[in-house]
Amino acid sequence: MNQNLLKVLFVADVVGKPGCDILEEILPTLIDKHKADFVVANGENANNGKGITDKQAERFFKLGVDVITGGNHTWENWKLKELFDKYSNILRPANYPEKNVGNGYKSIELKNGITVTVINLQGRTFMTPINCPFQTVDKILAEIEEISPLIIVDFHAEATAEKIALGWYLDGRVSAVLGTHTHVQTADERILPKGTGYITDLGMTGPHDSVIGMDINTALHRFIKQTPRKFTMATDNKRFNAAFLEIETTTKKCISINRINLPEGL
Ligand SMILES: [Fe+2]
Ligand SMILES: [Fe+2]
């Protein structure tokens, strides 16, 4: 581990068994290749699109994931309280109303003495009207100020504009703002002027011959007939989506951000 540089891999929403399988195929090799010090994966869709189970989380951790972030689908695991009680490094968005189970951020001290805090937030535009992500992140930053960590934000949101706005809001205050939820990787990765690594959406680690993970015919039925149909997961064209970032540990500025979009069977 380089004392001056933290190398971070952040994996896009892992969707269903196809996503978990390609995560297992690719993640350990990538960690080796990039000498990644810290790995985050969004796990809101690991269990057939609906949250993540105990077993799946164990699988993520065995593959080298340090923190699992969540989103709107996290809540569809009905054994969520047990899961959160067992693992403090499985997050759900911090800005849900109070009295919900689980944590929205987690600080971890690494072997070299650097503390990394991962904050999970969710957008409100075209989504459930939860608490304000901007005000929530302000509160969290004040709470963790004392430990002066290197901060990585997963902003789980639908609207491009809301994600870009949060990027600007947090520029220079956190090391990275990485978007999740839409399952489509955007080509706008950049380092903002005050040193925050940014991308609107990391994409999807899962089946890409699909409609954001859903079986194509099922999705077409829903759109064309405007009536419900049982959710069916797609299976084909598995791809691994992520971003790799290098962050200076002294200044906490991001010095590089690169998108990763790999097929299975490389
Ligand atoms: Fe998702
Ligand atoms: Fe989502």
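Helices (H or I, at least four residues) and strands (E, at least two) are DSSP runs, numbered from the N terminus. This is a predicted model: local features need pLDDT of at least 70, side-chain atom pairs count only at pLDDT 80 or more, and totals for chains, interfaces and linings use all residues. Residues are numbered from 1 along each chain as its sequence is written, and chains are lettered from A and ligands numbered from 1 in the order in which they are written.

I start with the sheet. Six strands make up an open sheet with mixed pairing, in the order β4-β5-β6-β7-β9-β8; two strands pair if DSSP finds at least two bridges between them. At the edges are β4 (105–109) and β8 (190–191), each pairing on one side only. β7 and β9 run parallel and are joined by three bridges. Ala176 has Gly197 in β9 as its bridge partner.

Next, a helix on that sheet. α5 touches β6, β7 and β9, and its direction makes about 165° with that of β7. Axes here are lines fitted to C-alpha atoms, for helices over the stretch in contact, and angles run from 0 to 180 degrees between N-to-C directions. Contact between two residues means that their C-beta atoms, placed from the backbone, lie within 7 Å.

Which residues of α5 are buried? In this helix, residues 160–170, they are Glu162, Lys163, Leu166, Gly167 and Leu170. They sit on the same side of α5, because they cover an arc of only 145° around the axis; the arc is that of the directions from the helix axis to the C-beta atoms. A residue is buried if 20 or more other C-beta atoms lie within 10 Å of its own, exposed if 12 or fewer, and partly exposed in between, with C-beta atoms placed from the backbone. The buried residues of α5 pack against α4 (133–144), β6 (150–156), β7 (176–180) and β9 (197–199). After α5 comes Gly172, with a positive phi near 85°.

Now Phe155, in strand β6. Phe155 is buried, since 29 other C-beta atoms lie within 10 Å. Beyond its neighbours within four places in sequence, Phe155 has contacts that include Lys163 and Leu166, both among the buried residues of α5.

Lys99 is not a glycine, yet has a positive phi of about 80°. Lys99 is in the loop between α3 (80–86) and β4, and counts as exposed, with 5 C-beta neighbours inside 10 Å. His183, also not a glycine, has a positive phi of about 70°. His183 lies in the loop between β7 and β8. Is His183 buried or exposed? Buried, with 22 C-beta neighbours inside 10 Å.
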